[in-house]
Amino acid sequence: KVMSTTHVEIITLEKMMYSGDVESVVVPGAEGQLGILANHASLMSILSSGLIRLSSDGDEVSFNVNGGFIEVGNNSVTILADSCEPNQ
């Protein structure tokens, strides 16, 4: 079974931290965790500090983020992070 994917870009002022297609995205929204799957309705939200989790084919990549914005639309997710580091 093939899962639908959505394109994700995580960008800081310094560089592109991540660019790729994933099955799900979980981010720390201002009001709590936000989960995003393919074809999610358009939204824009402020991010709080926490973990961004990207899942695809059973694998998960995560990043520590300290604030920023997320924009979702046209089956793509753009995260503009104040600061972001890969979570070891």
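A: Contact means heavy atoms within 4.5 Å. Leu-54 meets this with Val-8, Ile-10, Tyr-18, Val-22, Ser-24, Val-25, Asp-59, Glu-60, Val-61 and Phe-63, where residues up to four places away in sequence are not counted. The model is predicted: local features need pLDDT of at least 70 and side-chain atom pairs count only at pLDDT 80 or more, while totals for chains, interfaces and linings use all residues. Residues are numbered from 1 along each chain as its sequence is written, and side-chain values use heavy atoms, with hydrogens and water left out.

Q: What makes the pattern of the protein β-β-β-β-β-β-β-β?
A: Helices (H or I, at least four residues) and strands (E, at least two) are DSSP runs, numbered from the N terminus. The protein has eight strands and zero helices, and reading along the sequence gives β-β-β-β-β-β-β-β.

Q: How do you know that S3 and S4 pair, and which way do they run?
A: Two strands pair if DSSP finds at least two bridges between them. Six bridges join S3 to S4 (residues 32–37), and the two run antiparallel. One of the residues bridged to S4 is Val-26, whose partner there is Gly-35. A hairpin of two residues links S3 to S4.

Q: Why is Phe-69 called partly exposed?
A: Buried means under 20% relative accessible area, exposed over 50%, and partly exposed in between (1.4 Å probe, protein chains only). Phe-69 has a relative accessible area of 43%, so it is partly exposed. This residue is in strand S6. Leaving aside neighbours within four places in sequence, Phe-69 is in contact with Ser-45, Ile-46, Leu-47, Thr-78, Ile-79 and Leu-80. The C-alpha atoms of Phe-69 and Ala-81 are separated by 6.4 Å, although the two are twelve residues apart along the chain.

Q: What makes a nonpolar core, and which residues have the most contacts inside the largest one?
A: A nonpolar core is a set of buried Ala, Val, Leu, Ile, Met, Phe, Trp, Tyr and Cys residues joined through side-chain atoms within 4.5 Å. The largest here has 19 residues, and Ile-10, Leu-54 and Ile-79 have the most contacts inside it. Strands S1, S2, S3, S5, S6 and S7 each give two or more residues to this core. The largest share, four residues, comes from S6.

Q: Why is the pair of Tyr-18 and Phe-63 given the name it has?
A: Rings of Phe, Tyr and Trp (its six-membered ring) pair if their centres lie within 6.5 Å; planes under 30 degrees apart count as stacked, over 60 as edge-to-face and the rest as tilted. By this rule there is one aromatic pair. The ring centres of Tyr-18 and Phe-63 are 6.0 Å apart and the planes are at 70 degrees, so the pair is edge-to-face. Tyr-18 lies in S2 and Phe-63 in S6, so the pair ties together parts that are 45 residues apart in sequence. Both Tyr-18 and Phe-63 are buried.

Q: Is Asn-39 exposed or buried, and how do you know?
A: Asn-39 has a relative accessible area of 61%, so it is exposed. Asn-39 is in the loop between S4 and S5, and its phi is near 60 degrees, a positive value in a residue other than glycine.

Q: Why does Asn-75 count as partly exposed?
A: Its relative accessibility is 28%, so Asn-75 counts as partly exposed. Asn-75 is in the loop between S6 and S7 and has a positive phi of about 55 degrees although it is not a glycine.
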